[in-house]
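Please read them beside the model.

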Amino acid sequence: YKITIYTADLPGAGTDAKVFIQIFGKNGDSGTQFFDAKRDCFERGKEDVFGFELVDLGDIQKIRIGHDNSGIGSGWFLNKVVINNQTTGQTWIFTCGRWLDKSEDDKQIERELFPGQGSGAVSDVVAYEATLVTGDISSAGTDANVFMTVYGSKGSTQKLDLTGKFERACVDIAKFESMDLGALTKIRIGHDNSGLGASWFLDKVVIKNIRTNDIYTFACNQWLSKDRGDKKIVREIEVKP
């Protein structure tokens with residue numbers, strides 16, 4: 001596979017961090033592959049070309065690309081990624097056009113990207129909307145960083161870092177895209193226990209498939225806390241029948 005990485009021509013767009021990619025196809029995935037760190041790559045306005053010898057992944061459905069946030073100038077503005085299967089001649093284009101930076105945009109340093117127009121295969125990308133309801137009891141809100149993974153009959157998302165207030169009796173909305181997950185079965189949700197008020201009483205999470213309007217409810221009604229309830233800060237919650 002020939003992989004071409006396009007860094008944007010913007011101030012501070014280049015990165016000194018270690019960049020990795022994971023390619024997902026119908027026949028499997030590549031595993032996490034780090035690009036050659038010995039080269040002076042990923043500079044502002046630069047086009048970097050790499051070769052990877054991999055098993056045939058079939059039609060490529062998505063990629064996960066990011067960096068390890070190392071180095072002085074770790075923030076990176078990724079324009080796009082182009083992958084060419086040099087055996088079949090198929091090409092897939094993954095447009096990003098966003099920062100992968102702990103201090104810019106949405107603070108994410110890795111992203112899932114899906115094939116766009118002009119690609120050899122266009123994936124079935126679905127938009128989802130998650131509604132997170134914090135309980136209405138004393139000290140229910142959290143200052144910690146909240147994350148979630150969503151599981152369905154056809155697969156799962158990567159770990160999603162969620163942004164919101166997560167205050168007592170507060171409703172937070174998180175939107176995300178993924179390959180079609182099928183019927184949702186469970187979520188894994190938690191926080192990193194950071195901040196002065198890390199304990200969180202989660203009432204429930206409701207996820208809507210924007211395309212089909214199917215709605216899935218995950219009732220929690222428990223603490224995610226190191227010092228309350230059963231002392232767990234991560235929970236797997238099955239969908240409510």
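1. A search of the whole structure finds 10 aromatic pairs; rings of Phe, Tyr and Trp (its six-membered ring) pair if their centres lie within 6.5 Å, and planes under 30 degrees apart count as stacked, over 60 as edge-to-face and the rest as tilted. Phe 35 and Phe 42 are an edge-to-face pair, because their ring centres are 5.9 Å apart and their planes stand at 65°.

2. This is a predicted model, in which local features need pLDDT of at least 70 and side-chain atom pairs count only at pLDDT 80 or more, while totals for chains, interfaces and linings use all residues. Residues are numbered from 1 along each chain as its sequence is written, and side-chain values use heavy atoms, with hydrogens and water left out.

3. Phe 35 has a relative accessible area of 5% and is buried (under 20%, with exposed over 50% and partly exposed in between; 1.4 Å probe, protein chains only). Phe 42 is also buried, at 5% relative accessibility. One aromatic cluster is formed by Phe 35, Phe 42, Phe 50, Phe 52 and Trp 76.

4. Two charges over rings can be noted. Lys 62 lies over the face of Phe 24, 4.7 Å from the ring centre (NZ of Lys or CZ of Arg within 6 Å of the ring centre and within 35 degrees of the ring normal). The charged end of Arg 228 is over the ring of Trp 223, at 4.4 Å from its centre.

5. By class, the lining of the largest pocket has 13 nonpolar, seven polar and 14 charged residues. Here Ala, Val, Leu, Ile, Met, Phe, Trp, Tyr, Cys and Pro count as nonpolar, Asp, Glu, Lys and Arg as charged, and the others, Gly among them, as polar.
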